[in-house]
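Please open the structure in a viewer and keep the selection tool at hand.

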Amino acid sequence: MTQTEIIDEFLKQNQGQINTKEAKENGISTKMLSWLYSKGKLDRIARGVYIKPYEFGDDVSALQFRFSKGVYFKDTSLFLHGMIDRTPDTYEMNFPLTYSYSADLDVPLKIYRQKNELYDIGIEEIKSPGGHYVVAYNVERTLCDILRSRDRSDAETIKQAMNSYVKISDKKLDRLTEYSKIFKVQKEISNYMEVLL
């Protein structure tokens with residue numbers, strides 16, 4: 001098998017994505033990735049991070065691939081869970097407090113950081129609109145996040161999300177109660193649930 005064939009096979013198995021670390025692990029020269037990029041056979045979305053052009057077409061998954069420690073957060077998580085009916089203009093991701101990033105982001109991304117004991121709560125895999133798996137917070141965690149006074153979501157988004165939640169057949173009210181205590185939004189969650197349930 002040639003290096004190009006190995007790359008093609010890897011891309012098929014890895015949702016159209018490859019980075020230099022994965023290339024090295026598969027015996028592929030990083031120069032080969034650069035060469036394929038120069039020929040238009042790969043797109044580079046960040047230093048050392050490549051995707052297959054035309055086939056990928058999934059901003060959410062491309063961002064996740066580029067920022068692998070990021071967890072889709074707040075309104076972006078609501079969107080991924082189908083809780084709101086609009087695509088966010090700016091994606092939101094949460095990172096561990098120790099995560100460092102360039103202040104010169106070239107993508108529509110708002111970055112949040114939290115201490116690990118909060119960052120780790122409620123992470124799950126979910127399919128992006130393009131059919132790729134990404135990580136986001138579960139619905140109950142997300143409802144708590146949008147109600148927190150710091151960077152609270154707008155009233156219309158909160159109302160739509162709460163109305164969507166009460167219609168979910170597999171909602172986890174015990175989990176919502178537990179998270180509301182951790183994130184100190186018990187009163188707000190309780191008020192919404194009393195009115196809507």
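This is a predicted model: local features need pLDDT of at least 70, side-chain atom pairs count only at pLDDT 80 or more; totals for chains, interfaces and linings use all residues.

Residues are numbered from 1 along each chain as its sequence is written, and side-chain values use heavy atoms, with hydrogens and water left out.

Select α1, residues 3–13; helices are DSSP runs of H or I with at least four residues, strands runs of E with at least two, numbered from the N terminus. Ile7, Phe10 and Leu11 are buried here (under 20% relative accessible area; exposed is over 50%, with a 1.4 Å probe and protein chains only). These residues lie on the same side of α1, because their arc around the axis is only 100 degrees (taken from the directions from the helix axis to the C-beta atoms). Lys12 and Gln13, on the other side of α1, are exposed. Just after the helix, Gln15 has a positive phi of about 55 degrees.

The axes of α1 and α3, lines fitted to C-alpha atoms over the stretch in contact, come within 11 Å and cross at roughly 80 degrees. Gln3, Thr4 and Ile7 of α1 meet Met32, Leu33 and Leu36 of α3, with contact meaning heavy atoms within 4.5 Å.

Finally, select β7 (123–127) and β8 (133–137), which pair in the antiparallel sense over five bridges; pairing requires at least two bridges by DSSP. Lys127 stands opposite Tyr133. Among the five residues between the strands, look at Gly131, whose phi is positive, near 85 degrees.

Note on methods. Axes are lines fitted to C-alpha atoms, for helices over the stretch in contact, and angles run from 0 to 180 degrees between N-to-C directions.
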